[in-house]
Amino acid sequence: MISISDAFELIDQHARVLPSQQQAALDSIDCLLAEDVASDMDSPPYDKAMMDGYAVVAADLADGIAELEIIEEITAGNVPTKTVGRTQAARIMTGAPIPDGADAVVMIELTQKVGETHVRIEASGVTPGKNIMPKASSLACGVTVLPSGKRLRALEVGILAEVGRDQVSVVPRPRVAVLSTGDELVDVTEKPGPGRIRNSNGPMLVAQIAAAGGTPESLGVARDVREELTAKIARGLEADILVLSGGVSAGVLDLVPSVLAEQRVEQIFHKVQLKPGKPIWFGKRTVDGQTTLVFGLPGNPVSSLVCFELFVRRAIGLLAGRTENELCAAEVTLAAPFVHRGDRPTLFPARWEDAAQRTAAPLTWKGSADLAAMAAADLLLQFPAGDAEYRAGEAISALLL
Ligand code: AMP
Ligand code: MG
């Protein structure tokens, strides 16, 4: 049995960043860019009006007042056809190109039409460049707008669109297959018969994978039968990560480790000093240069949940090229006394007593099969190994859920 930190180290050693691939920018939120993206044009591509109003020669408004001849109307998407001379103006809309001769835009609110042909303007401080965004002032053609390694958010998708890119090279999201094992499991849509329970881990893990930045693939349930496990595990080994739930403890039908060994999955560790989650299994298979990391999570739902958040989340982050994919850690104050017993570090569910003051109260919790009580949990308190009595007001480290 190894420590949690040794388990982290082993995962870090074996989880390699996935090769980059070209894919739709829209499918790449949270992915790391794997190329420098350069602008294919100037932005704005022309001197651009930033207001609805009149394009003028600033010198005409040196006194703050002028009556000018309107020579044309320029809407966004059209180009000017005339040069604005002294005592002239062009009606212009936001986003339209500034006509030759004009060097400022006066906003419409400061103007008044005089008949059909003229406009009277009363505006002070109209200097050259007023309300104009110069060509290439946001981006110059050829300049790198997004460097390799940048994590894509919606705003980067917008910048990519601005420079003509709907496809980009990124580190893809890891594909994570989920297989729940156990003769007792029935699908969520079924009413369990005698001795049966619903497969709650499968949907929970699918949701956790998506939340952690992976692309989940559900393989449903495998019964505790060697042939069925073998076939379904073989399918799961096509993914970047295979997550199994159940079958890694000491029961007579806990066949997962031996079936994995038959499939040439090399065991890296089995059992971590942790409560809940001790039986966790981790291994790796590399065939034809393609590596699959395999996690066998204990079947008890809270063990499965906790092991995912500690270990699988970390691996997903590493494959995706991200160093920080872990749950946030925080120092909190115990709102109530707590007695810890046992020789393993324990993650114990708690709720905020007062989130602003960072005080947290341990929940009434029946252990690793009690998923329902976890619904009230905001955080997991991290108690070190060893018997100890904690007083209210003591500081303790926690992971935020
Ligand atoms: P195992 O790790 O297979 O020994 O299972 C430990 C406990 O977790 C048993 O009580 C199982 O019935 C339960 N369990 C296993 N798999 C699941 C699952 N997918 N959903 C809910 N409970 C499960
Ligand atoms: Mg089982």
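Student: Against which elements do the buried residues of α3 pack?

Tutor: This is a predicted model, where local features need pLDDT of at least 70, side-chain atom pairs count only at pLDDT 80 or more, and totals for chains, interfaces and linings use all residues; side-chain values use heavy atoms, leaving out hydrogens and water. Residues are numbered from 1 along each chain as its sequence is written, with chains lettered from A and ligands numbered from 1 in the order in which they are written. Helices (H or I, at least four residues) and strands (E, at least two) are DSSP runs numbered from the N terminus. With contact meaning heavy atoms within 4.5 Å, the buried residues (under 20% relative accessible area, 1.4 Å probe, protein chains only) of α3 pack against β14, β17, β18, β21, α6 and α7.

Student: How many degrees around the axis do the buried residues of α3 cover?

Tutor: The buried residues of α3 (201-211) are Asn-201, Gly-202, Met-204, Leu-205, Gln-208 and Ile-209. They lie on the same side of the helix because their arc, taken from the directions from the helix axis to the C-beta atoms, is only 160 degrees.

Student: Which strands stand at the edges of the open sheet?

Tutor: The sheet has six strands in the order β8-β5-β7-β6-β10-β9, with mixed pairing; two strands pair if DSSP finds at least two bridges between them. Those at the edges have a single partner each, so one side is left without a neighbour in the sheet: β8 and β9.

Notes: Buried means under 20% relative accessible area, exposed over 50%, partly exposed in between (1.4 Å probe, protein chains only).
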